[in-house]
Amino acid sequence: METKEMICIVCPVGCRLKVDVDGSKVEVSGNKCMRGKVYGTQEVLEPKRMLTSTVKVVGGNVPRCSIISRNPVPKGKIFDMMNVIRNTQVSAPVSVGDVIISNICDSGVDMVATRSVDVDDRRT
Amino acid sequence: MNTIDCLVIGGGSAGLAAAISAKENGIDQILVLEKESEAGGILQQCIHNGFGLHTFKEELAGPEYAHRYIVKANELHIDVRVETTVLSVSEDKVVRYSNAKEGIVSVKAKSIILATGCRERTAGNILMPSKRPTGVWTAGTAQKYVNIDGYMVGKRVLILGSGDIGLIMARRMTLEGAKVEAVAEIMPYSNGLTRNIVQCLHDYDIPLYLSHTVISVEGKERVEAVVLAEVDEYKQPIKGTEKRFEVDTLLLSVGLIPENTMAEDMGVELSPITKGAIIDHQYQCSVEGVFACGNALLVHDVVDYVSEQGALAGKFAAKYLKEGLTQEKGMPILAQGEASFVVPQLLKTTADESVKLYYRIKQPMKKAKVMIKHQGEIVFEQVKNHLVPAEMEQLVLKPELIAKLSDECVLEVINLGN
């Protein structure tokens with residue numbers, strides 16, 4: 001059995017959680033509400049995070065386009081995903097919500113643009 | 001000289017919301033002046049998510065939140081001039097600005113909304129001994145280089161200050177391949193949200209040194225090392241507690257100051273505590289027809305409230321232009337006890353709708369009593385749990401309560417302990 005300690009981030013109370021993991025059995029203590037139990041269980045079984053970054057833009061009025069994962073992605077895959085993001089470039093124009101990388105690292109999650117990028121009209 | 005009804009200085013969250021609101025309240029001639037190459041303000045570089053929970057009930061990335069206001073402003077045909085710098089503003093509301101297309105222009109504004117945002121405290125503000133090597137940046141400047149321009153600012157990083165910008169940049173630099181050695185915080189508690197401490201520091205095993213500060217920066221051309229020391233209760237470094245970190249970059253996240261040089265030029269009275277304008281509940285400053293909102297008024301931690309204030313400033317500017325606003329002195333609201341300030345600072349008897357007061361507390365408290373006192377009597381009280389200085393508190397005064405006030409009142413916060 002393994003015990004993990006963490007701070008619950010669901011609300012400002014910030015309960016100190018103790019989560020005992022025994023195979024697929026998870027026991028959460030220290031939580032003052034049910035949401036803490038859900039958070040603690042998720043954190044030890046499959047922690048997920050939203051991922052935001054930027055990709056290079058070619059021919060745009062700005063050099064980078066900011067992106068976000070449409071849903072939370074597995075925490076353990078974030079550095080692999082950053083490698084994919086680093087090697088991605090897009091051409092202007094880009095609209096908010098455009099899929100920039102689909103199904104990143106086979107996570108089933110798309111990375112989408114969080115801003116629009118216009119074609120650079122100042123170039124001659 | 002051209003005359004304009006409403007001139008908004010700053011095209012960020014506050015300025016866009018103010019312009020949109022003024023337009024929706026019947027003002028046609030609106031001009032927004034923005035110094036950057038696009039509107040949206042600081043949100044354009046805040047690529048992380050978590051914005052708009054109150055306004056849109058979703059967690060948007062900063063640029064997405066900004067985008068919604070930019071689209072709205074476009075739909076309303078609001079004139080936003082980018083890459084435009086305001087050169088001077090006079091007491092009689094003559095604004096001189098310049099940009100590449102128009103050159104230098106003077107316009108007479110009937111009303112002005114100050115939405116100039118805030119700026120970062122720098123190394124010069126915190127007396128940090130060094131030979132001024134390169135590699136020392138404010139966290140927001142580094143954020144702009146990384147997120148907007150796509151330049152990394154260093155490989156081994158130490159961050160001073162554990163406010164949200166410092167924490168967010170710790171994660172951002174790590175994701176982009178840098179090694180963040182430590183975050184140091186002079187206070188015994190972090191000024192960032194717990195969520196950011198967990199997701200930006202704990203997730204990446206970045207140590208947080210509380211009650212620590214930078215005592216020296218080594219390196220002549222480029223930062224080579226940064227020395228931290230623990231501080232005592234008077235924030236003085238304790239001998240023998242020094243820790244040396246070999247880093248090439250020091251990021252400073254040591255506070256924000258409302259930008260009010262233009263307000264000062266106009267003779268707007270500023271609060272020594274918030275460093276923003278002193279306003280009444282209609283967001284009007286000490287100069288008639290001049291309004292202030294957003295981070296220029298007081299430094300916020302949640303953008304939704306910046307937009308909310310912008311919308312109020314725009315609404316009252318429209319009211320001022322159409323029917324005028326009372327110019328009476330107003331009743332002061334003072335902050336006492338554990339409350340460090342309260343904004344707005346003045347109430348006027350004409351308040352016929354609810355007034356939201358914004359205040360911050362001085363130290364973290366598990367339980368606190370918040371009171372409004374008038375002529376020595378408590379006219380309102382509430383108990384609040386889990387208050388931290390990093391999160392701005394709010395209190396809504398109902399018109400029935402305001403009607404009972406005849407002079408100065410006090411917002412007092414008392415620590416009830418555990």
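## The sheet of chain A

In this predicted model, 5 strands of chain A form an open, mixed sheet in the order 8-5-6-10-9. Strands are DSSP runs of E, at least two residues, and helices are runs of H or I, at least four residues, numbered from the N terminus. Two strands pair if DSSP finds at least two bridges between them. Strand 8 (89–91) and strand 9 (99–101) of chain A stand at the edges, each with a single partner strand, so one side of each has no neighbour in the sheet.

Strand 9 and strand 10 (residues 111–113) of chain A run antiparallel, joined by 2 bridges. Val99(A) stands opposite Val112(A) in strand 10 of chain A.

## Cores

The largest nonpolar core has 108 residues. Such a core is a set of buried Ala, Val, Leu, Ile, Met, Phe, Trp, Tyr and Cys residues joined through C-beta atoms within 7 Å. Buried means 20 or more other C-beta atoms within 10 Å of the residue's own, with C-beta atoms placed from the backbone. Helix 7 (residues 303–323) of chain B gives the largest share of this core, 10 residues. Another core, of 39 residues, lies apart from it and includes Val157(B) and Leu228(B).

## Numbering and confidence

Residues are numbered from 1 along each chain as its sequence is written, while chains are lettered from A and ligands numbered from 1 in the order in which they are written. Local features need pLDDT of at least 70, side-chain atom pairs count only at pLDDT 80 or more, and totals for chains, interfaces and linings use all residues.

Technical notes:
A residue is buried if 20 or more other C-beta atoms lie within 10 Å of its own, exposed if 12 or fewer, and partly exposed in between; C-beta atoms are placed from the backbone.
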